[in-house]
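Here are my notes on this model, as numbered points. Please read them with the structure open.

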Amino acid sequence: MSAPNKNYDPVEVTALTAEEVERATQAALTAISSARTLDELKEARIAHAGDRAPLSLARAEIGALPPQARADAGRRVGAAVGRVKDAMAARQDQLERERDEQVLITERVDVTLPYDRQPAGARHPVSMIADKLSDVFVAMGYEVAEGPEVEAEWYNFDALNIPPDHPAREMQDTLFIAPPEGAPAGTRSGMVLRTHTSPVQVRSMLTRPLPLYVVSPGRAYRNEALDATHLPVFYQIEGLAVDEGLTMADLRGAIQAFVDALFGAGLRTRLRPDYFPFTEPSADVSMECHVCRGESAKPGAEPCRVCRSQGWIEIAGCGMVNPRVLVACGIDPDRYSGFAFGLGIERALMLSHGINEIRDTYDGDVRFSRAFGTEI
Ligand code: FA5
């Protein structure tokens, strides 16, 4: 800052002349209006409104003026600084708005584009039903038992009272495992893809201590043509109990438990005579139709698509374990008795969820599974 100027002559303090102040102001306004970006505007601010800017230096000179000249110079410089400040704020505002508009354009999100994130999967409803039924029986003290899908014929047939020449072998179209390569013509491997989960009964009786309560979900294979109700590979769940004093009444109780679990409590069940070589007596299990509750079977009633107006739906096979099977597994039939039941899981799923096409259950399309909930 200059020393106080006792003999004031405004011409001598060049920075404060009206022309000089106007020139510095115009330079500042031009720099501000020609700034194209916020960075350029920042540079203009440093050059024209910073500590070393001509107007700031001029203002510093005011103190060096004699008192009578200070007000005049102060007004001039103050007005100039105000104009520059206003122009700066207006340009700052304008450039920020332009930047925000640009951001909205360049960072626009197209919400209609397909997303590339891996969608969460869904558990297959067949697994969900198998687990649900297993849980019901586990809660009643049953254990879950599993067995191989490539099974010895002895477990799949012989031990279950289905000897080689027994016509019952024809009941389940069997897929046989080829004999080892180079084996003499006519050799049989003695192995099959299990046609049902019943061989797990045999394995359980041979390996587990009595009394025995097991439930065995798993895959079964049959040489069957694919249609709306038949798969060549499907799931069954089997229950087996062997204990002293078990009767058909216990079997009925177990059956009612799984119907309650699958369809909700309150549906009646009924057993009708049937034939399975491994149970005696044998029965097929039907439950009251869960859609019409049996109403459609009454004369003049609305027809029911689910039970075909029968009022009842067949859901499982069952019976008291044939004493011959107990003997094949080394169990004394005079002391122990048992019951068993088995049902197809895809068929149970179709019934409980009104699915007409069994093929939907094996296509592996997540859109089908997801409809049952995204439990993973
Ligand atoms: C059996 O397989 C017996 N092992 C069931 C059993 C166990 C009876 C214990 C007595 C005691 P069946 O062949 O009927 O029985 O088959 C049982 C269920 O499997 C059928 O009711 C059906 O729901 C299902 N099932 C059978 N074949 C197929 C198939 N090709 N596709 C889909 N489900 C099938």
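1. Helix 3 packs through its buried residues against helix 1 (18-34), helix 2 (38-49) and helix 4 (67-106). Those buried residues are L55, S56, A58, E61 and I62, within a helix that covers residues 54-62. Bear in mind that this is a predicted model.

2. The protein chain has 11 helices and 10 strands. Its radius of gyration is 45 Å, well over the 21 Å that the globule rule gives for 376 residues, so the chain is more spread out than a compact globule. The C-alpha trace spans about 135 × 65 × 40 Å along its principal axes.

3. Of the 376 residues, 40% count as buried. Among contacts between residues at least 6 apart in sequence, 68% join residues at least 24 apart.

4. The count of aromatic pairs comes to 6. One of them, Y142 with Y213, is edge-to-face, at 5.4 Å centre to centre and 70° between the planes. Y142 sits in the loop between helix 5 (125-139) and strand 1 (143-144), while Y213 belongs to strand 5, 71 residues apart. Y142 counts as buried, at 7% relative accessibility. Y213 is partly exposed, at 25%.

5. F258 and F341 form a tilted pair, 5.4 Å centre to centre with 40° between the planes. F258 lies in helix 8 and F341 in strand 10, so this pair ties together parts 83 residues apart in sequence. F258 is buried at 1% relative accessibility. F341 is also buried, with a relative accessible area of 3%.

6. Which residues do ring pairs link into a cluster? They are F137, Y142, Y213, F258 and F341.

Notes: Residues numbered from 1 in each chain as written. Predicted model: local features only at pLDDT ≥ 70, side-chain atom pairs only at ≥ 80, totals over all residues. Heavy atoms only, no water. Buried < 20%, exposed > 50% of the residue type's maximum accessible area, 1.4 Å probe, protein only. Helix = DSSP H or I, 4+ residues; strand = E, 2+ residues; numbered from the N terminus. Contact = heavy atoms within 4.5 Å. Rg over C-alpha atoms; globule rule 2.2 N^0.38 Å. Phe/Tyr/Trp six-rings, centres within 6.5 Å; stacked < 30°, edge-to-face > 60°.
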